[in-house]
Amino acid sequence: MTYVRLRATNGFLYLIGDSSINYISGVSTAGSPPVTTFTNQNADPEVGTNWPDTVEVFGRNIVFANSFGAHISYGAAVTKI
């Protein structure tokens, strides 16, 4: 899998891939030397896009298109629209 676009919304960083969508949350840095921790979760293991220019933020959601149609990500649930 290859990440094609990064988009931030609703306090999360979404990593849009060619065949799936992940998001990063819970980012924190502490300590000496500083250590950054975060959580990388898979939002949808089956839907992504090869068309990075179609990925946009719409309100608090991610909208994108692929060869199967247009999709919207409501949080961690991707739905065809």
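This section describes the strand arrangement and selected residues of a predicted protein model.

The secondary structure of the protein chain consists of eight strands and zero helices. Read from the N terminus, the elements follow the order β-β-β-β-β-β-β-β. Along the principal axes, the C-alpha atoms occupy a box of roughly 50 × 25 × 20 Å. The protein chain has 81 residues, of which 31% count as buried. Among the contacts between residues at least 6 apart in sequence, 29% link residues that are at least 24 apart. Charged side chains comprise 4 positive and 5 negative ones, and a distance of 8 Å separates the centres of the two sets.

Strand S2, residues 12-17, is joined by four bridges to strand S3, residues 21-30, and the two run antiparallel. Within this pairing, Leu15 has Asn22 in S3 as its bridge partner. The two strands form a hairpin, with three residues between S2 and S3. Strand S3 is also joined to strand S4, residues 35-44, by eight bridges, again in an antiparallel manner. Here Ile24 has Asn40 in S4 as its bridge partner. S3 and S4 likewise form a hairpin, with four residues between them. In the turn of this hairpin, Gly31 adopts a positive phi of about 95°. The loop between S3 and S4 also contains Pro33, and the peptide bond leading from Ser32 to Pro33 is cis, with omega near 5°. In general, most peptide bonds are trans.

An open sheet is formed by four strands in the order S5-S6-S7-S8, with antiparallel pairing. Strand S5 (56-58) and strand S8 (77-80) are located at the edges and have a single partner strand each, so one side of each lacks a neighbour in the sheet. From one strand to the next, the twist averages 30°. Within this sheet, five bridges connect strand S6, residues 61-66, with strand S7, residues 69-74, and these two strands run antiparallel. Val63 is positioned opposite Ile72 in S7. As a general rule, side chains in a regular strand alternate between the two faces of the sheet.

Thr9 is part of strand S1, which spans residues 3-9. The relative accessibility of Thr9 is 8%, and Thr9 therefore counts as buried, given that the cut-off for burial is under 20%. When residues up to four places away in sequence are not counted, Thr9 touches Tyr14, Val57, Gly59, Arg60, Asn61 and Ile62.

Asn10 lies in the loop between S1 and S2. The relative accessibility of Asn10 is 38%, and Asn10 therefore counts as partly exposed. Although Asn10 is not a glycine, its phi is positive, at about 60°. In general, most residues other than glycine have a negative phi.

Terms used:
Residues are numbered from 1 along each chain as its sequence is written. This is a predicted model: local features need pLDDT of at least 70, side-chain atom pairs count only at pLDDT 80 or more; totals for chains, interfaces and linings use all residues. Side-chain values use heavy atoms; hydrogens and water are left out. Buried means under 20% relative accessible area, exposed over 50%, partly exposed in between (1.4 Å probe, protein chains only). Contact means heavy atoms within 4.5 Å. Lys and Arg count as positive and Asp and Glu as negative; His and the chain ends are not counted. The place of a charge is taken as NZ of Lys, CZ of Arg, CG of Asp or CD of Glu. Two strands pair if DSSP finds at least two bridges between them. Axes are lines fitted to C-alpha atoms, for helices over the stretch in contact, and angles run from 0 to 180 degrees between N-to-C directions.
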